[in-house]
Every structure is written in C-alpha cells, then in structure tokens.
Amino acid sequence: SFFGAIFPREGAHQMFHEILERLEQITVILLLPVFFVVTGLLVDITGLGLEGLKYLALVLFVACTGKFVGASLASRAQGVPPRQAMALGVLMNTRGLMGLIVLTIGLDLRVISPTIFAMSVIMAIVTTVATSPILHRLLPHPDADTQPRGNRLVEVSVSS
C-alpha cells in the first residue's frame with residue numbers, strides 16, 4: 001500500500017506498459033529457454049525401449065489423426081474450403097508450450113509416469129515441429145510462381 005501511495009498518477013499507464021514489456025522480454029529471452037531445457041532434461045528416451053517406441057508411434061498416430069480429422073470435418077461442416085479445413089486440422093496438432101507445462105506439472109505431481117511423460121513430450125515436439133512444413137505443402141504461398149524454390153541456380157542470359 002505504501003508503494004501505491006508514492007506511485008505517480010501521471011504517466012502511470014505508460015510506465016505500466018513499459019514495465020510489462022520489459023518483463024515480457026526477460027521471460028522470452030531468459031526464462032522460456034530455461035524452461036525448455038529443464039523439461040528436455042526430464043525426458044528419458046532410453047527408458048522407452050522397443051515396446052515403448054511402438055506405443056509412441058500409436059500415441060503420435062492417435063493424437064494427430066484425432067485432432068486433424070475432428071477439426072477438418074468440423075471446418076468442412078461449416079463451409080470452409082477443403083484445403084483451408086485441412087490447414088485448420090494441421091494447426092490443431094500444435095501442442096507447444098501449454099502442453100509441456102501441463103505435462104511437467106503432471107510429472108511433478110506423479111500423476112503421469114516418466115515413460116508417459118517422455119512419450120507425451122516427444123509427441124508434443126514432433127507435432128509442433130511438423131506443423132510448419134505440412135502447412136507450406138498444403139497451402140502454397142500466394143506468389144509461389146514468382147518465389148525462388150530451394151537453392152537452385154538461376155541462369156541469366158544476356159543478349160546484345
């Protein structure tokens with residue numbers, strides 16, 4: 001309450017946004033990478049074994065198929081064109097940060113085993129990393145005909 005009494009009223013809104021922006025920068029630059037490293041260190045892939053890899057493949061298949069089919073069909077039912085509906089299905093497969101946070105909490109609370117944790121983290125990473133390349137194939141860039149592709153050399157002929 002003392003801080004509230006001495007805090008300036010004039011320009012408080014601007015100061016609040018500046019403080020918030022700096023805190024966001026610290027979070028993204030420092031804390032987020034630390035969280036990913038700590039989460040990665042908790043994953044024990046060696047504990048999966050051959051049987052675990054079979055279950056991991058099944059988890060990946062079910063996770064991707066369920067979200068893709070559900071979102072695509074729901075989009076089509078609402079009149080979204082097929083390619084865009086499939087793109088929405090692909091986008092639903094990104095698990096990313098929130099999934100890792102929930103998995104880490106589940107592991108800390110011992111609600112899930114280290115094996116389930118490892119499979120789920122791998123599933124979250126694979127589905128998130130795969131999203132961008134699949135979207136690029138599914139929805140080509142609007143200027144795809146004018147964009148250079150890959151590292152091909154372009155021959156230029158000069159006529160005099």
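Visitor: Before we get going, what does "buried" mean here?
Guide: It's a cut-off on relative accessible area, worked out with a 1.4 Å probe. Keep in mind that we're looking at a predicted model. A residue counts as buried when that relative area is under 20%.

Visitor: Okay, so is valine 121 buried or exposed?
Guide: Valine 121 sits in helix H6. Its relative accessible area is 4%, and the cut-off for buried is under 20%. So valine 121 is buried.

Visitor: Which residues does valine 121 touch, leaving out those up to four places away in sequence?
Guide: Contact here takes heavy atoms within 4.5 Å. With the sequence neighbours up to four places away set aside, valine 121 touches Thr39, Val43, Leu100 and Leu103.

Visitor: How far apart in space are valine 121 and threonine 39?
Guide: Along the sequence, 82 residues separate the pair. Thr39 is also on the list of residues that valine 121 touches. From C-alpha to C-alpha, the distance is 8.6 Å.

Visitor: Is threonine 104 buried or exposed?
Guide: Threonine 104 belongs to helix H5, residues 96-108. Its relative accessible area comes out at 10%, and anything under 20% passes the cut-off. So threonine 104 is buried.

Visitor: Switching to helices, is H4 roughly parallel or antiparallel to H6?
Guide: The axes of H4 (residues 82-91) and H6 (residues 114-138) come within 10 Å and cross at roughly 175 degrees. Angles over 145 degrees count as roughly antiparallel. So H4 and H6 are roughly antiparallel.

Visitor: How many nonpolar residues are in the contact of H4 with H6?
Guide: On the H4 side you've got Arg83, Met86, Ala87, Val90 and Leu91, meeting Thr131, Ile134, Leu135, Arg137 and Leu138 in H6. By class, two residues are charged, one is polar, and the nonpolar count is seven.

Visitor: Last one: what share of the chain's residues counts as buried?
Guide: The chain has six helices and zero strands. Its accessible surface is about 12200 Å², with 68% belonging to carbon and sulfur atoms. Of the 160 residues, the buried share is 21%.

Notes: Residues are numbered from 1 along each chain as its sequence is written. This is a predicted model: local features need pLDDT of at least 70, side-chain atom pairs count only at pLDDT 80 or more; totals for chains, interfaces and linings use all residues. Side-chain values use heavy atoms; hydrogens and water are left out. Helices (H or I, at least four residues) and strands (E, at least two) are DSSP runs, numbered from the N terminus. Buried means under 20% relative accessible area, exposed over 50%, partly exposed in between (1.4 Å probe, protein chains only). Axes are lines fitted to C-alpha atoms, for helices over the stretch in contact, and angles run from 0 to 180 degrees between N-to-C directions. Angles under 35 degrees count as roughly parallel, over 145 as roughly antiparallel, 65 to 115 as roughly perpendicular and the rest as oblique. Ala, Val, Leu, Ile, Met, Phe, Trp, Tyr, Cys and Pro count as nonpolar, Asp, Glu, Lys and Arg as charged, and the others, Gly among them, as polar. Accessible areas come from the Shrake-Rupley method with a 1.4 Å probe; for residues, only the protein chains shown count as cover.
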